[in-house]
Amino acid sequence: MRTDTIDPGRMTARMDLEVPVETPDGQGGMSRTFVPTGPLWALIEPRVALIVDRRDERVVDVEHDVWIRHRTGVTPGMRFRKGTRLLVVLSAFDPDETRRYLVCRCREARA
């Protein structure tokens with residue numbers, strides 16, 4: 001994947017990266033909340049829409065590539081928030097191993 005043609009000026013989506021935090025619920029289980037790590041600029045590129053049958057309904061899962069400036073510690077299960085829109089990180093990788101950008105493959109979550 002060529003990143004020498006990526007224009008950082010296209011990173012116009014202001015988003016929050018959120019980290020999952022699990023705490024005991026007092027009944028032997030865990031409660032998961034998400035804590036924002038701070039705002040960042042990103043480029044959101046639609047990737048694919050998959051039609052999936054779940055139970056008695058047909059659902060469309062939309063996946064995106066979210067480009068951000070390189071940072072360490074981005075792992076699957078984290079998510080990006082843009083207002084009420086949530087993009088759950090499926091994977092994160094450095095597309096050309098130069099530590100300039102990070103591409104996060106994400107699935108849009110339904111609220």
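Where is D94 found, in terms of the loop and strands around it? Before I answer, a word on the basis of this talk: this is a predicted model, in which local features need a pLDDT of at least 70 and side-chain atom pairs count only at pLDDT 80 or more, while totals for chains, interfaces and linings use all residues. Residues are numbered from 1 along each chain as its sequence is written, and side-chain values use heavy atoms, with hydrogens and water left out.

To come back to the question, D94 is in the loop between β5 (85–93) and β6 (101–109), where strands, like helices, are DSSP runs numbered from the N terminus (helices H or I, at least four residues; strands E, at least two). With a relative accessible area of 18%, D94 is buried, and I use that word for values under 20%, with exposed for over 50% and partly exposed for what lies in between, all with a 1.4 Å probe and protein chains only.

Leaving aside residues up to four places away in sequence, D94 touches H70, R99, Y101 and L102, a contact here being heavy atoms within 4.5 Å. The side chain of D94 also reaches two backbone nitrogens: that of R99 at 2.8 Å, and that of E97, which lies 3.0 Å from a polar atom of the D94 side chain. As for W67, it is 27 residues from D94 in sequence, and the two C-alpha atoms are 9.8 Å apart in space.

Let me turn to charged pairs. Side chains of opposite charge can pair when their charged atoms come close. The structure holds 11 salt bridges, each defined as a side-chain nitrogen of Lys or Arg within 4 Å of a carboxyl oxygen of Asp or Glu.

One of them joins E18 and R79, with the closest N and O atoms 2.6 Å apart. Because E18 lies in strand β1 (residues 13–24) and R79 in strand β4 (residues 79–82), this pair ties together parts of the chain that are 61 residues apart in sequence. Both partners are buried, E18 with a relative accessible area of 5% and R79 with 15%.

R81, at 27% relative accessibility, counts as partly exposed.

Another salt bridge is formed by the side chains of R85 and E108, at 2.9 Å from N to O, linking strand β5 to strand β6 across 23 residues of sequence. Here R85 is partly exposed at 29%, and so is E108 at 23%.

Finally, the cysteines. How many disulfides does a search of the whole structure find? The search returns zero, a disulfide being a pair of cysteine sulfur atoms within 2.5 Å.

Methods
A polar contact is a pair of N or O atoms within 3.5 Å; within protein, one must be able to donate a hydrogen and the other to accept it, and residues adjacent in sequence count only if both atoms are side-chain atoms.
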